[in-house]
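Please look over the sequence and the structure below before reading on.

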Amino acid sequence: MELELLVSVCAWFFGSFVCGLCGLGAAIIAMPFMMLVMPVQKVILVSCFTAIGLTAAMAYVYHRHCSWKIVLQMIVGALPGNVVGLFILKYVPATVLEIVVGMMLIFCIVGMQLLQNRGRMESNLKNALIAGFLSGMIGTSITIDGAIVGLYALLIGLDPMSFLGFTSVFFFLRNLVTDIMQAMAGLYTEEIVTYALYCLPASILGFALSVPVVRKINVNAFRIVVKVVILLAGIMCLLRGLWA
């Protein structure tokens, strides 16, 4: 197995295990390792295709804990965000968006930590549409929209199982739309599909190993893990953008 493929498979296995524990983080963790041996656009497309299998498995396991009203509101917002994100992926340097997103995520997490339990957001249609739009745009262009969705879920105060149900179903639906749009735009080559098909079983295996572990995590520990993953995503986006 060539180095690029081996690194991709191992990265998605570990990333999916972490994702199974906190509802996000697969692409956040997998992509930096993949970018050590692959160009960034290839990493983004392989990750988008691979994520559909992982999110489908998570949605199947946790869908009964999902708040469908919030998910459907966010999906409506994500559709125009997907269109904007596809334009960014094809024509705009991702480094600009990465710097902006990285700074925003770091600022939000630091602010939440300073405010502690005072940092709350109302779960309503307007906020869900905004969060959905940002997720669709960022997810389609640079893949790492998990931090945006996770941050929104934290701000509206979802408990761990509701968090997993909400993020799992939303990411599956958002990934489905994203993959269809990227395929229609002619971005999926035979090589991209081959890499994703190798990463997919490793990804599902990593998630499966996380299922018995997640039920033993308490609420406070869960929220800390989610915040750390979001902070790492922000730092990664910022450093990657500045490096490029």
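This report looks at a helix and then at pairs of aromatic rings.

## About the model

This is a predicted model, in which local features need pLDDT of at least 70 and side-chain atom pairs count only at pLDDT 80 or more, while totals for chains, interfaces and linings use all residues. Residues are numbered from 1 along each chain as its sequence is written, and side-chain values use heavy atoms, with hydrogens and water left out.

## Helix α6

Helix α6 covers residues 125-142, where helices are DSSP runs of H or I with at least four residues, numbered from the N terminus. At 1.5 Å a residue its 18 residues should span 26 Å (the expected span is 1.5 Å times one less than the number of residues), and the end C-alpha atoms, 25 Å apart, agree with this.

Among the buried residues of α6 are N127, A128, A131 and G132, buried meaning under 20% relative accessible area, exposed over 50% and partly exposed in between, with a 1.4 Å probe and protein chains only. After α6 comes T143, whose phi is positive, near 75 degrees.

## Aromatic pairs

There are five aromatic pairs in the structure (ring centres within 6.5 Å; planes under 30 degrees apart are stacked, over 60 edge-to-face and the rest tilted). The rings of F87 and Y91 have centres 5.1 Å apart and planes at 50 degrees, so this pair is tilted. Both residues lie in helix α4, four residues apart, and Y91 is exposed at 57% relative accessible area.

F166 and F170 form a stacked pair, with 6.4 Å between centres and 25 degrees between planes. These two residues of helix α8 are separated by about one helical turn; F166 is buried at 0% relative accessibility, and F170 is buried with a relative accessible area of 0%.

How values were computed
Rings of Phe, Tyr and Trp (its six-membered ring) pair if their centres lie within 6.5 Å; planes under 30 degrees apart count as stacked, over 60 as edge-to-face and the rest as tilted.
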